[in-house]
Amino acid sequence: MLEASASVAGPHAAAPALEPGLLVSEGVRSDSSASSVAYDQFAMFFDREIWRIDHIDNGSVLNYAAMNARVKRIQAALAKAKLDAILIRVFENNSQNVLYVSGFAGSVAHLLLTRKKAFIFADARYWTRIPKEAPDFELVKVPRGTKLSEKVNEVLAKCKLPDSCKLGFEAAHISVELAANWSKDLNATLVPTTHFIERFRQYKDVDEIASLRYACRQTSKVYKEVVPIIKAGMSENELCFEIDMRIRKHGAISNSFTTIVASGPNAAVPHHATSDRRMKAGEPVVMDFGGLYPGGYCSDITRTAFVPGKKPDPKMVEVYNIVLDANKKAFKALRPGIKYADFDKVARDHIDACGYGQYFTHGLGHSLGLVAHDPFDYENDAFDVGTVVTDEPGIYIDGVGGVRIEDDLVVTADGAERLTNAPYWKF
Ligand SMILES: [Mn+2]
């Protein structure tokens, strides 16, 4: 049977505590590209590890001590929500919660957390990987021809959980059909949960921030490399290929979303579909791209460049400077305790005051992490230390052109650090 949603404690109660000093000591509020000590150490470690990761295809740069601490916090949250366990299904694109909790980066499995124990159910495709990628979880083999529900029932019985036990599931990720089957087949009372794991992901720990900083620095190199090759006559698709190739070259497993290259009047379309249009001298070119890196973390950066060979339209220069100031003002305002709406307002007020308010047609940014649009309860939760958010104001003038400038920021104890370090345009 189905019960009403489990209520869960506010995210601040569960927010992972960050070790002071590690993130916030250097690079804060700096416009320079100087990297922090923590970043350099991580980069050295990471560059060495990429070789190994490429060959065994797992997420072993993850910090298992930190992940086990996550499991403990989630188990404590289960007790608070009066749940005996939670069953999480990994299926293709919905793998981030399991990666976050266990380190397993495969695309099909089920994870069962009771208040004390942690299990992963998988078919034979993953029996070799799971002990390596999720070493602290007990692997429950589900051989071909065996039903998952039989195996889950066996484990529930082994854990001495009665048929009346409350088993949470992720309402956002399970179909109505599957929930009905589970409530029929499982010896438990199924309880839908909302963002049970996601709310932990809102506040990143030191290891996650190191991963994100690395992702952002690598992706920033892509922009620095493509600027000198932009020229009149090149198509958006050709430039897009140059960007995508370099995202891989600098260590990403894949793009974190489809790259946008928008030139001339196309730059007025915030999410333009990259085309065969050839760029003309003096035009703005908006480039919005990101990578997904080993370990699972993403970057998301936008820069607007100008095609060489002709002076840009003075109107576009004015727009560029307004957007850049809006980006910088929002960065300066970001701090623990600020809500998304107030962060957004800082950039919006600036663009409004400059007379372009009607042309800033989207939100200022979004949470970033294991996916390019990471879950965050923007309305109810304030940003706090470890929140990673994009800062991407834009001005789009239909038929003329547009400018967007996007950086990835992390909230620190006394403000924010900019993770992306690609240069801005100098006229
Ligand atoms: Mn973005």
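In this predicted model, a manganese ion is held by four named donors: Asp300 (OD), His366 (NE2), Glu392 (OE) and Glu406 (OE) coordinate the ion at 2.1 to 2.3 Å. Along the chain, the donors of the manganese ion follow the spacing D-x65-H-x25-E-x13-E. Asp300 and His366 link distant parts of the chain, 66 residues apart. Asp300 sits in the loop between β10 (291–292) and β11 (301–306). His366 sits in the loop between α12 (340–353) and β12 (388–391). Both Asp300 and His366 are buried.

The loop between α12 and β12 also holds Leu370. Leu370 has a relative accessible area of 4%. Buried residues are those under 20%, so Leu370 counts as buried. Its contacts, leaving out residues up to four places away in sequence, are Gln96, Leu99, Tyr100, Arg201, Gly295, Gly296, Tyr297 and Cys298. Ser256 lies 114 residues from Leu370 along the chain, and the C-alpha atoms of Ser256 and Leu370 are 9.3 Å apart.

Helix α7 (residues 176–185) was examined next. The buried residues of α7 are Leu178, Ala179, Trp182 and Ser183. Viewed down the axis of α7, these buried residues fall within an arc of 135°, so they line one face of the helix. The face turned away from that buried side carries the exposed residues Val176, Glu177 and Lys184. Several elements cover the buried residues of α7. Among them are the strands β1 (85–91), β2 (108–114), β5 (166–170) and β6 (189–193). Helix α6 (148–158) is also part of this cover.

Key
Residues numbered from 1 in each chain as written. Predicted model: local features only at pLDDT ≥ 70, side-chain atom pairs only at ≥ 80, totals over all residues. Heavy atoms only, no water. Donors = N, O, S within 2.8 Å, 3.2 Å for Na, K, Ca; no water. Helix = DSSP H or I, 4+ residues; strand = E, 2+ residues; numbered from the N terminus. Buried < 20%, exposed > 50% of the residue type's maximum accessible area, 1.4 Å probe, protein only. Arc of directions from axis to C-beta. Contact = heavy atoms within 4.5 Å.
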